[in-house]
Amino acid sequence: MRQDSLIPISVIIPTYREAGSLPDLLDRLANLREGERDLEVIVVDDDSDDGTEELIASRGKDWERLIVRRGERGLSSAVLRGIESATKEMLVVMDADGSHPPESIPDMVQAVQDGADFSLGSRYVSGGSTEDGWGVLRWVNSKIATLMARPFTTVRDPMSGFFCLRASTVQRGESLDPIGYKIGLELIVKCRCERVAEVPIHFSTRREGESKLTLRVQWEYLLHVLNLCRFKYPRLASFIPFALVGLSGIGVYTGLLAVLDLLVGDAFSKSVRIVIAIALSMTWNFFWDRRLAFWDATGGIVRQYLGFVAVCTVPVLVNFFVTLYFSDRLVLPTAGLIGSVIGSAFGLVFNWCGNRWLVFRRS
Ligand SMILES: Nc1nc2c(ncn2[C@@H]2O[C@H](COP(=O)(O)OP(=O)(O)OP(=O)(O)O)[C@@H](O)[C@H]2O)c(=O)[nH]1
Ligand SMILES: [Mg+2]
């Protein structure tokens, strides 16, 4: 039996310059209120100054609320703002531009009532579709973005901005990050939604206004994916950058030996040049590891640096002696390359564990 007609719904619509699209959407949402349904609409507008405020005021409906944020921009943060002020148990988020059919809301709500943690309007399940007219570039763009979300969810259309979940599900979200455009993906991951239902929708192309899908938005998506990796796979998200920084350190060390050879080859002995190159490349690794591999560490930088150096002792000694050994037979940079590869291989796991658990500790 359908129960969704009884459950109260808050529909949150983030808007930026959507005054042209809003009337039609609001009228279609009004149709959903027929019968017993208790439904409020919260438009969160970022000071569009395009008549949105006048439009909502002129409609005079007490169930249509407008929040205007001044001096702040961003789709995800606007959605979170709307969620904060929602008063109903069931939350629906959708675009204002007419891409998302409000007529699918009852099915999405029903899916959550039937036990899903999260339901979304999906273009990519059977029965779903996208209106023709997407250029090749946009299509490829969307596919790549969807593929990048694969490590976090197996949902077919994780990019969807049309979704439904309970207010209580949002409450369990840890450290919600308002960066970027994909607040639905953020909520699926951070609220640990296991059961995600996809309701087929026909995704229409906007008729009015302009797209806000800029290059900046795409860059923010990359940062968002990185943050989600750190949240969901913290060890891997630390170890992979650590290994890559180690690889870059080999290049820096070998390059430094070549430069020192050239500049002060006559003034300093081989051992001194190796020590200088080791010290500098180790410092290089420290700064990048601190930023990329151990981003979440607490504690002062001096203590961290000393700890980092101490943990590096064994591989550094291996590197030093191997480089010195080969330097009698090969040119110094080549000897250094062999030394640092062996030293780094030696230290890869040992150093990461030592740094993670002894030096760059989390709070
Ligand atoms: N409040 C607020 N809403 C925004 C912001 N950027 C986008 N939106 C809204 O978020 C929804 C999605 O934005 P769109 O520009 O339609 O992005 P898209 O759907 O990926 O691209 P197109 O449909 O091609 O335009 C729309 O309702 C926008 O008005 C913003 O900075 N602040
Ligand atoms: Mg749109």
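Two residues are taken to be in contact if their C-beta atoms, placed from the backbone, lie within 7 Å. By this criterion, and leaving aside residues up to four places away in sequence, V11 touches L29, L39, V41, V92 and M94. The model is predicted: local features need pLDDT of at least 70, side-chain atom pairs count only at pLDDT 80 or more, and totals for chains, interfaces and linings use all residues. Residues are numbered from 1 along each chain as its sequence is written, while chains are lettered from A and ligands numbered from 1 in the order in which they are written.

V11 belongs to the largest nonpolar core, which has 56 residues. A nonpolar core is a set of buried Ala, Val, Leu, Ile, Met, Phe, Trp, Tyr and Cys residues joined through C-beta atoms within 7 Å; a residue is buried if 20 or more other C-beta atoms lie within 10 Å of its own, exposed if 12 or fewer, and partly exposed in between, with C-beta atoms placed from the backbone. Within this core, V11, I12, L91, V92, F118, C164 and I188 touch the most other members. Another core, of 23 residues, lies apart from it and includes Y253, L260, A293 and V311.

The protein chain is divided into domain 1 (3-232) and domain 2 (234-359), with bounds from an automatic or database domain assignment. Their C-alpha centres lie 47 Å apart.

Ligand 1 is surrounded by 20 residues, the closest being P14, A78, A96, S211 and K212; a residue is near a molecule if its C-beta atom, placed from the backbone, lies within 6 Å of it. Two or more residues of this shell come from each of β1 (9-15), β2 (39-45) and α3 (75-85), where helices (H or I, at least four residues) and strands (E, at least two) are DSSP runs numbered from the N terminus.

Helix α7 (residues 183-190) is mostly covered, with 8 of its 8 residues buried. These residues pack against α3, β5 (118-122), β7 (163-166), α6 (167-171), β8 (196-200) and α8 (215-232). After α7 comes R192, with a positive phi near 50 degrees.

Helix α10 (residues 270-293) reaches 32 Å from its first C-alpha to its last, close to the 34 Å expected at 1.5 Å a residue, the expected span being 1.5 Å times one less than the number of residues. Its buried residues, among them R273, I274 and A293, pack against α9 (234-264), α11 (301-311), α12 (313-327) and α13 (332-359).

A145 is found in helix α5 (residues 136-148). A145 counts as partly exposed because it has 18 C-beta neighbours inside 10 Å.
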